Amino acid sequence: MTQRVDLATVMDRLAIDELVTRYAVAVDDADWSAFRELFAPGGRADYRSAGGIEGSAAEVADWMAGTLGTLPVRQHLVVNRLLRLQDLGGYFGDDGEVQADYVHPVRGDGGGGYVSGGRYSFGVIRTDGGWRLTRVVMREKWRSDAGVPSGT
């Protein structure tokens, strides 16, 4: 590969990393408009492993707005990101997969809460507006009521 292709790949990887970070921030900040904008047309999300729903980005954003409204303190820590870009015979294409682990502490209005952890699978695609999500699948692996900080 040429140096120019390598630089483009680095830029794509940084943009996709930012996309995943924006996802976590939108959920944590309850910015459902920003959440919807992260998805390509037809993009879907699946939270069934954590007791949630599967649906379009708009359907899931509406569900989250209602469900997470009782959990005002939440913080996604999305780590161990593994990115695979489409391979077009030695050149990277316009879609890919991101696998990332997460830890997610939340606290409710009454002070109760939980900490959960698992793995996300993100499908990504390059659009005219930049990289967007085609799919988010949350696979919750564990959940604990212990050790939730009380916060301020």
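Student: Why is Ala 30 called partly exposed?
Tutor: Ala 30 has a relative accessible area of 33%. Buried means under 20%, exposed means over 50%, and partly exposed lies in between (1.4 Å probe, protein chains only), so Ala 30 is partly exposed. Ala 30 sits in the loop between helix 1 and helix 2, and has a positive phi of about 55° although it is not a glycine.

Student: What should I know about the model itself?
Tutor: It is a predicted model, in which local features need pLDDT of at least 70 and side-chain atom pairs count only at pLDDT 80 or more, while totals for chains, interfaces and linings use all residues. Residues are numbered from 1 along each chain as its sequence is written, and side-chain values use heavy atoms, with hydrogens and water left out.

Student: How do you know that Asn 80 counts as exposed?
Tutor: Its relative accessibility is 56%, and exposed means over 50%, so Asn 80 is exposed. Asn 80 lies in strand 4 (residues 77-87), where strands (E, at least two residues) and helices (H or I, at least four) are DSSP runs numbered from the N terminus. Phi of Asn 80 is also positive, near 50°.

Student: What makes Leu 14 exposed?
Tutor: Leu 14 has a relative accessible area of 57%, and the label requires over 50%, so Leu 14 is exposed. Leu 14 is found in helix 1 (residues 3-28).

Student: Which residues make the nonpolar surface patch of about 410 Å²?
Tutor: Leu 7, Val 10, Met 11 and Leu 14 make it. Leu 14, at 57%, is over the 30% limit.

Student: How much space lies in the largest pocket?
Tutor: About 270 Å³. Of its 14 lining residues, the closest to the centre are Glu 18, Leu 19, Arg 22, Leu 38 and Arg 132. Helix 1 gives the most to this lining, with 6 residues.

Student: What classes do the lining residues of the largest pocket fall into?
Tutor: They divide into 7 nonpolar, 1 polar and 6 charged. Ala, Val, Leu, Ile, Met, Phe, Trp, Tyr, Cys and Pro count as nonpolar, Asp, Glu, Lys and Arg as charged, and the others, Gly among them, as polar.

Conventions
Patches are made of residues with over 30% relative accessible area and no salt bridge: like charges are joined within 9 Å, nonpolar side chains (Val, Leu, Ile, Met, Phe, Trp, Tyr) within 5 Å. Accessible areas come from the Shrake-Rupley method with a 1.4 Å probe; for residues, only the protein chains shown count as cover. A salt bridge is a side-chain nitrogen of Lys or Arg within 4 Å of a carboxyl oxygen of Asp or Glu. On a 1 Å grid over the protein atoms alone, a cavity is a set of points where a 1.4 Å probe fits but cannot get out, and a pocket is an open set with protein on both sides within 12 Å along at least five of seven lines; lining residues have an atom within 4 Å of a point. Grid points are joined across faces, edges and corners, and a volume is the space filled by probe spheres set on the points.
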